[in-house]
Amino acid sequence: MPRNKDLAELVRARIEESISVKQLLLQDARLRETIAEAGLRLTHALRHGHKVFFFGNGGSAADAQHLAAELVGRFEADRRALPAMALTVNTS
């Protein structure tokens, strides 16, 4: 069984890895612009009565379901549900 000190070091390493990835994202202006554009397109689609579809494979399928649920379930705001669906659920 790993010692608590070893686990604490593993946690520290994973946090540092996460910070490093975020710093790389901050340095990539083109990627930041692409993410912002995706957000604008998503907002435009929803404001014009369209539905958002999410999909993925494996863990990404779970992420797709979570994202759809956040939109339908009124994430962080008391608002109407937004039309979204994960294509990876109820596959039968």
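The structure is a predicted model, in which local features need pLDDT of at least 70, side-chain atom pairs count only at pLDDT 80 or more, and totals for chains, interfaces and linings use all residues. Residues are numbered from 1 along each chain as its sequence is written, and side-chain values use heavy atoms, with hydrogens and water left out.

Helix 1 (residues 4-27) packs against helix 2 (residues 29-47) at an angle of about 85°, and their axes lie 5 Å apart. Helices here are DSSP runs of H or I with at least four residues; axes are lines fitted to C-alpha atoms over the stretch in contact, with angles from 0 to 180 degrees between N-to-C directions. The two helices are therefore roughly perpendicular, a term that covers 65 to 115 degrees. In contact (heavy atoms within 4.5 Å) are Leu25, Leu26 and Gln27 of helix 1 with Ala29, Leu31 and Arg32 of helix 2.

Turning to salt bridges (a side-chain nitrogen of Lys or Arg within 4 Å of a carboxyl oxygen of Asp or Glu), the count is five. One of them joins Glu16 to Arg12, whose closest N and O atoms are 2.5 Å apart. Glu16 and Arg12 are four residues apart in helix 1, so about one helical turn separates them.

On the surface, Val21, Leu25, Leu31 and Ile35 form a nonpolar patch with about 320 Å² of accessible area together. Such patches take residues with over 30% relative accessible area and no salt bridge, joining nonpolar side chains (Val, Leu, Ile, Met, Phe, Trp, Tyr) within 5 Å; areas come from the Shrake-Rupley method with a 1.4 Å probe, and for residues only the protein chains shown count as cover. Each of helix 1 and helix 2 supplies at least two residues of the nonpolar patch.

Key. Angles under 35 degrees count as roughly parallel, over 145 as roughly antiparallel, 65 to 115 as roughly perpendicular and the rest as oblique. Patches are made of residues with over 30% relative accessible area and no salt bridge: like charges are joined within 9 Å, nonpolar side chains (Val, Leu, Ile, Met, Phe, Trp, Tyr) within 5 Å.
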